[in-house]
Each structure stands twice: as C-alpha cells, then as structure tokens.
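Me: Please look closely at one part of this model and walk me through it. Keep it brisk, and give the cut-offs with each term.

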Amino acid sequence: MDPAQPCCHYRNLNERMVILRCVGPEQFFHEKVIFPFEDWLFSCPANSDVQIWSHGIGGTELLEAFPSGDLLVAAS
C-alpha cells in the first residue's frame, strides 16, 4: 500500500462474491473480486469513488456506490 494515499477497508457482508471497483483522479483504477465475508484493505487517492458490483440473473448489477472516504481506516 502507498503510505501517501489513504487506507480504506471494505468487508463483503454478502453471501456471494462481489467486485469492488475504485475509480479516482488521474486515471486511477482498482478492481478486486471479494469473497463472502472477506475483508479487503486498499489504498486510493482522496476523492475516489467506490462501486460494488455483483452478478445477477440479468448480468452484472451495481449493488452500491459511495465515496472512498466512507471506508477510511483511522490512523493509529
């Protein structure tokens, strides 16, 4: 993880896999498949957007979207 970028934490509370997509400034892009009940720590630029996607009957569907600031880990 890049110490210059904020650290974020996401926990998949769904009973199925999800795809976390983080899109930020200057063409930053991060994508990760997260298994049920898995935790994921990642770094991203400030003001990035996070999207959580899953596969449904009709194809890929957006489950939720929020700013990366909602996932920030408090510095200790």
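Reply: A charge counts as sitting over a ring if NZ of Lys or CZ of Arg is within 6 Å of the ring centre and within 35 degrees of the ring normal. Lys32 meets this with Trp40: its charged end is 4.4 Å from the centre of that ring. Arg21 lies over the face of Trp53, 5.2 Å from the ring centre.

The model is predicted, so local features need pLDDT of at least 70 and side-chain atom pairs 80 or more, while totals for chains, interfaces and linings use all residues. Residues are numbered from 1 along each chain as its sequence is written, and side-chain values use heavy atoms, without hydrogens or water.

Now the part to look at: Ile19. Ile19 belongs to strand β2, residues 18-24. Strands (E, at least two residues) and helices (H or I, at least four) are DSSP runs, numbered from the N terminus. Strands pair if DSSP finds at least two bridges between them. β2 and β3 have seven, in the antiparallel sense. Within β3, Val33 is the residue opposite Ile19.

Is Ile19 buried or exposed? Ile19 is buried, because its relative accessible area is 12%. Buried means under 20%, exposed over 50%, and partly exposed in between, with a 1.4 Å probe and protein chains only.

Which residues does Ile19 touch? Leaving out residues up to four places away in sequence, Ile19 is in contact with Glu31, Lys32, Val33, Gln51, Ile52, Trp53 and His55. Contact means heavy atoms within 4.5 Å. Gly58 is 39 residues from Ile19 along the chain, and their C-alpha atoms are 16 Å apart.

Step back to the sheet. Four strands form an open, antiparallel sheet in the order β3-β2-β5-β6. β3 and β6 (59-67) are the edges; each has a single partner strand, so one side of each lacks a neighbour in the sheet.

Next, the largest nonpolar core. A nonpolar core is a set of buried Ala, Val, Leu, Ile, Met, Phe, Trp, Tyr and Cys residues joined through side-chain atoms within 4.5 Å. This one has 13 residues, and those touching the most other members include Leu20, Cys22 and Ile52. β1 (7-11), β2, β3 (28-34) and β5 (49-56) each supply at least two residues. β2 gives the largest share, three residues.
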